[in-house]
Amino acid sequence: MMPKDKLYDAAFRYKKAGIWKKLWDNEVFAIKLTCGEIGYMSIMGKNGTYCALGLYIGEAGFQGYRALANAGGYTGSPFRDHEMLLQQNCLQMALENKEYLMPEEVDEVREYAKKNDIRLSGKNAFPQFIKYEPNCHPWKVRSKEDQQALLEATEAAILMADLLRTVDPKEIGIMEIMPDTKEVPLFEVKGDQLIQAGIAPLPGDKEDTYEYVPATNEIAMAHVKKLPRKGIWESELIRMMEPVQNHPEETPYYPLLLLVVENKSYYVLPIPMVMYAEKNPQEMLQAFAEGWKNQKVYPKEIRCRDERTYALLKDFCEKTNVKVSVYHGEMAALDDVEYELSDQMTDQDEEEMLDEIAMAVDALLQMSPSELKMMPEPLIEQLKLMLAQGIFPDDIAAELKKKLSRR
């Protein structure tokens with residue numbers, strides 16, 4: 001069988017095994033992968049909404065799980081909340097309704113089902129193989145390495161489902177993980193057996209650190225130093241809410257935008273987006289310098305929203321004699337521009353939005369924390385606004401607040 005055929009075969013057997021009836025998504029266990037890495041597994045679907053197997057590979061993968069689970073809820077910034085939800089780093093085998101798949105995925109499933117006399121009917125009849133990468137849109141699994149890892153995880157989950165028919169999860173060490181949980185049980189597939197192989201340490205939270213970007217373009221710095229100085233400007237690197245894709249096979253990516261706003265006039269410095277700026281911050285600094293050159297003005301002071309923005313601009317500003325700092329006070333101009341930009345990106349017909357919100361409330365009250373991530377961000381933002389306005393009855397409002405605080 002081809003690797004993808006093996007995946008489909010395992011996915012349909014996974015559906016029959018029904019392991020999500022035995023485990024909650026936060027009852028994580030680990031498996032040894034043949035690539036040498038540890039795979040941390042989360043089984044989603046016990047609440048009856050989103051049914052999937054999540055595989056978090058190695059330290060980097062599980063830290064993405066931690067970041068989402070311990071995010072701390074709504075921050076008040078649509079762009080920061082949006083970026084927070086983009087930090088997952090995992091592979092998923094999901095069981096979906098066909099309307100959630102791309103046309104080519106639907107065709108692929110139907111072709112496999114026809115070839116193997118499988119009837120596609122009922123809820124969650126279509127397997128889907130998804131890769132989540134930080135700052136990217138969830139996209140189809142393509143590499144043979146990822147397909148192999150997901151296949152091994154699915155096979156292990158099928159064997160685990162068989163084991164849990166006669167054994168309680170707690171008897172083999174599978175329990176709800178908490179923020180301070182240090183380890184989970186480790187298993188290994190040998191032949192057609194699932195063998196307990198000790199314990200696997202759980203990576204802790206990773207603290208965000210940012211290296212200062214050296215300013216190296218002497219010509220650009222010399223030019224802006226000659227410009228007249230004017231105003232205090234507020235700045236932040238924000239993650240755009242719409243992904244960019246240059247060709248059909250490329251994983252859609254959410255680029256960074258350097259937003260720089262004058263604090264009295266609310267004027268926005270025109271700076272173009274830079275694709276993959278994390279890998280090429282010098283290109284972002286060049287765009288920053290070009291923005292000032294085109295406007296024929298340079299700031300007296302730049303206030304940065306956070307350490308990430310400060311790390312990008314610090315050296316350039318200091319070498320061009322501009323006061324720069326991480327500013328902890330109010331940034332009214334930057335806030336106003338960000339919310340206006342967010343509204344433009346998420347604008348929907350009001351009646352359509354209200355209908356979707358009513359459906360979203362019903363669905364959200366049934367979801368687990370991991371399943372909440374599948375909710376469209378504009379709906380979540382509208383729900384939070386309506387909660388703040390006191391629109392919902394007290395009992396529903398209390399349930400919604402509890403749910404959203406765990407998102």
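Let's start with strands β1 (residues 29-32) and β2 (residues 38-44), which run antiparallel and are joined by 4 bridges; helices (H or I, at least four residues) and strands (E, at least two) are DSSP runs, numbered from the N terminus. Within this pair, Lys32 sits opposite Ile38 in β2. Keep in mind that this is a predicted model, where local features need pLDDT of at least 70, side-chain atom pairs count only at pLDDT 80 or more, and totals for chains, interfaces and linings use all residues. Residues are numbered from 1 along each chain as its sequence is written, and side-chain values use heavy atoms, with hydrogens and water left out.

Zoom out, and you'll find an open, mixed sheet of 8 strands in the order β6-β5-β4-β3-β2-β1-β7-β8 (two strands pair if DSSP finds at least two bridges between them). At its edges stand β6 (139-140) and β8 (193-201); each has a single partner strand, so one side of each has no neighbour in the sheet.

Now for the helices. Helix α2 (residues 58-69) lies across β2 and β3 (51-57), at about 130 degrees to β3. Axes here are lines fitted to C-alpha atoms, for helices over the stretch in contact (heavy atoms within 4.5 Å), and angles run from 0 to 180 degrees between N-to-C directions. Helix α4 (residues 103-115) lies across β5 (126-132) and β6, running at about 135 degrees to β5.

Finally, the axes of helix α1 (residues 3-17) and helix α5 (residues 144-163) come within 9 Å and cross at roughly 25 degrees. Contacting residues include Leu7 and Tyr14 of α1 and Leu151 and Ile158 of α5.
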